[in-house]
Every structure is written in structure tokens, then in C-alpha cells.
2 protein chains.
Amino acid sequence: MDLRSMEIRYDGGKGDIGGPFIGTLHWDAAIEGPRPGVLVAPAFRGRAQFEEQRAQELAALGYVGFAIDYYGQGWTTTDPAEAHAAKDRLDAERAMLAARMVVALEALKAQELVDAERTAAIGYCFGGKAVLDLAREGVEIGGVVSFHGILDRAASAPDVKIPAEVLVLHGWDDPLAKPESVLAFGQEMTERGARWQVHAYGHTGHAFTNPAATPGAQPGFGFDAKATARSWRAMVAFMEEIFR
Amino acid sequence: MDLRSMEIRYDGGKGDIGGPFIGTLHWDAAIEGPRPGVLVAPAFRGRAQFEEQRAQELAALGYVGFAIDYYGQGWTTTDPAEAHAAKDRLDAERAMLAARMVVALEALKAQELVDAERTAAIGYCFGGKAVLDLAREGVEIGGVVSFHGILDRAASAPDVKIPAEVLVLHGWDDPLAKPESVLAFGQEMTERGARWQVHAYGHTGHAFTNPAATPGAQPGFGFDAKATARSWRAMVAFMEEIFR
């Protein structure tokens, strides 16, 4: 294994959607030729070490991992209040979020190392919402995986069929995605023709993959090592299925 | 690998609960010493070739597989009307169903080949309900797995904590376990302290593991090869987790 990484600046050239965006490509240079590519949409603080690690782990699995940027200019913060403000602004413009996800996917497909016919996206928290919104655009992508993502459909989402496989890895006690929203999501995905799955974990809250989310610090939030391992394993199996 | 099987007659000796019961034990004679034991609760037609195969596959995984009988005297039928009648009678006596599951678990634990500290149960359709009812008794068992099982709690279920891990593999379009019952189940399991998961599969109906359930023959029912493979893989990962 010979893991490498490289910064990628990308832009959709489709008017002002807030670019350029700055992502990081991770791959195993010991593998020859194009391979599946997996985009990693960050949690609400923007692309940071956490997402780089996930993209690197995807590279170690034999894929190209692409940690992306949905804020523009590679913006990131460690300040929760700033992060909430940035996320709320983008969340109020879901069509913009979707457009930024689409250009990220295009940038991934344009990489020489990537087999453009075999792509997927994973995302965490607000990044989970971002990859679901990408699927909702009806784009050609093999699959999307949301880790403790937010499930509500935007009013701006187009009225299209969803060709992607969709996997939602969900903590049942997540206050940002309550049981009722799981029902609504199931109905939406069924109507849109998505081949979907939800794995719901009991006694598990929001941000369960985030070691910095101290359990008990905020009700319904908290790191859970078991759910983290389960969800990653489920993602690995999902990728093996869609890239077979 | 040296797969063997043996008929086991068992009874709880606890008054008339309809025994004796007749199950089949499957194991790999190439493995030495006690190993985890997994009970297989049949679908509503009673223990048949399908369940024997699952128990044999569990034996091939290194466990003892025990295909059980919840009707008594090894009763089984290929006639759907007869099967429905038998199932409905037992379903009307959920405390009896639970008692029969408890004696089956005791019979499994009593086997020399079985490490009584490491047991689990899986079940299909009405057998899924049966293994959930077993967990609801608060018995000492590592985990239970329901494949397209029915999720409603019986009024007769005791008011106890559930120490088992619980995994429900569920077709979202199953008319016998609607989305609302998934919500009720999540709430019940959470209140009872069970470490639970539900894997919901979109566009998937009841009996999805049953090759004899021709898709389209009955709305909301149907074999699904992909869901079958996914659910078995999820079960294998679950067993590896609880028997680690």
C-alpha cells in the first residue's frame, strides 16, 4: 500500500455558486488504473482531519477518497457557533448545497484515477444531508451513505426519480432526525424509486461517529464506538455491493 | 468441515405446554469442544427444509444450529390454510409461544456441544415474532435476529428489561409490520433497555428470504435475492459481534 494525497481545486463554472472549492484526493499508488471514487462530505465544521481520515481509509480500501468542501475556499472552523452559522446559511439555500454537491461529484469523475462509472458519496451530519441532496438531484452515482445525517427533503429538490442506492446509518435517539422523519424519508425514497436502506441503532444519538462528541454533554448527541464500527462495516459492505 | 445433524426431542417439564417438541441439531464435527449455539425458529408452516438449511449454514459458520419446533410433536404442513390456522391459534396465546421458546433455548443450552454462555436465536416471519418474544422474556441470551418478523408486543409480555442484543431485518413494504409498528417497536426496545437495531430495506416486502414467495403473487410479499443476501450478511456480522 502506498497512500498518497493531493489538493484539488474545483469549480463548476456554472455561475456563482461560491467556488472555487478545495478538496483533497486520497489514493493508493500501489493500485494501477482507474478505480471507484468516493466523495466524503464533511460535517458542519467543514473539511477537517476527521474527513481526511475517512477519505484515506477509503483509499486503503482500494477506492479514490475525495474529501470535499461545500462552503467554498476550503473554509473550515473549529468554533461551533461559527460552524452553526455557516451551516444554517447554507441550509437555508438547499438548491445551492445541491449544486455544490453536483460540482464536487463532477470533479471526482474528472479525475484520471477515478472510474467515472463507479462513484459513491458518504457524508456526516450536515454532510449526510448533503449526500442525500446529491442523490435527490437524480445524478448518476452508484450510491450514497449518510452517517447520522439529516433526512428532510428540501422544497427545492427536483421532482425526479433517484437512480442511486441509498444507505442511511442512523441513531434512533438523534434529535435532529426523529423517528417521524425516518418514516417520511422511507416514504419519499420509496416514491422516488431509490433502492434504499435505513439501519437504525437504538440508544444512539447524533454524531455517533465523532470521538469529540462527549456522551452526556448534550442530550441526544454522543460518540458511540460500537455504532461507529457497525456503521463503517455496513458502509464497506454497501460499497462492495455497488462496485461489484 | 464435517457437518452432522441429529434429532432432539425436548420438553420443559413445566406442565402442559404442548410438547414434546422435536428439533434438529446441526454442527461441524471437525470443530472440537463447545461453541456458540443458535436456535432457528421456523416460519409459520413449522420446521421444514428451509429452516434445516439455515441451521446447517450456521453449523458451517462454526456454531451449533438448532432448528426448533414451536407447534409440538414436530408438526409441520405445506398447506397454507392449515399453517395459518395453527399460527393463529398460537398467536392468540403469546404466553404459550414465549414458554415454548424458553424451553427450546434451555434445550439448546443443555447440549454438550453448546457453550451455554454464548447463545442466540434467529427466526423467520412468525418465527421472527417468536425470537422477539423470547428476548421479551428477559432470558439470558446473547442476541436475537428477526427476518421479516412481526413486531408487536404481546399484552402478556413481562414487565422486564431485555438483556439481549436485538437485530430486526425488515422489509419496509411488509404489510404485517407497517412503518408505524417499527416506531412502536423502537420505542418499546428503547424503554426495555435492549441494545437494538432495525435494518429496513426499501421496496421489500414480507417473506423476502423465502424463494417460494413469488413476487407479485400477493401484494407486499415476495422473495428478494438482494435483501436475502444483505440480511444474512448482517446476521453473520451480528453473530461475530456478540460471540467475540
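At what angle do the axes of helix H6 of chain A and helix H6 of chain B cross? They cross at roughly 145° and come within 12 Å. Each of these helices spans residues 225–242. Axes are lines fitted to C-alpha atoms, for helices over the stretch in contact, and angles run from 0 to 180 degrees between N-to-C directions. Helices (H or I, at least four residues) and strands (E, at least two) are DSSP runs, numbered from the N terminus.

This is a predicted model: local features need pLDDT of at least 70, side-chain atom pairs count only at pLDDT 80 or more, and totals for chains, interfaces and linings use all residues. Residues are numbered from 1 along each chain as its sequence is written, chains are lettered from A and ligands numbered from 1 in the order in which they are written, and side-chain values use heavy atoms, with hydrogens and water left out.

H6(A) brings Lys226(A), Arg230(A), Arg233(A), Ala237(A) and Glu241(A) to the contact (heavy atoms within 4.5 Å). H6(B) brings Lys226(B), Arg230(B), Arg233(B), Ala237(B) and Glu241(B). Glu241(B) and Arg230(A) also form a salt bridge through their side chains, at 2.9 Å from N to O. A salt bridge here is a side-chain nitrogen of Lys or Arg within 4 Å of a carboxyl oxygen of Asp or Glu.

**The whole interface**

Chain A and chain B each give 27 residues to the contact. Across the interface there are 8 salt bridges. The two chains bury about 2100 Å² between them, with 52% of it on carbon and sulfur atoms. Buried area is the accessible area (1.4 Å probe) that two parts lose on being put together, summed over both. Which three residues supply more of the area that chain B buries against chain A than any other three? They are Leu183(B), Trp196(B) and His203(B), with 26%.

**Backbone details**

| Peptide bond | Omega |
|---|---|
| Gly19(A) to Pro20(A) | about 0° |
| Gly19(B) to Pro20(B) | near 0° |

Pro20(A) sits in the loop between strand S1 (3–10) and strand S2 (21–28) of chain A. Pro20(B) lies in the loop between strand S1 (3–10) and strand S2 (21–28) of chain B. Gln73(A), a residue other than glycine, has a positive phi, near 55°. Gln73(A) belongs to the loop between strand S4 (64–67) and helix H2 (80–91) of chain A.
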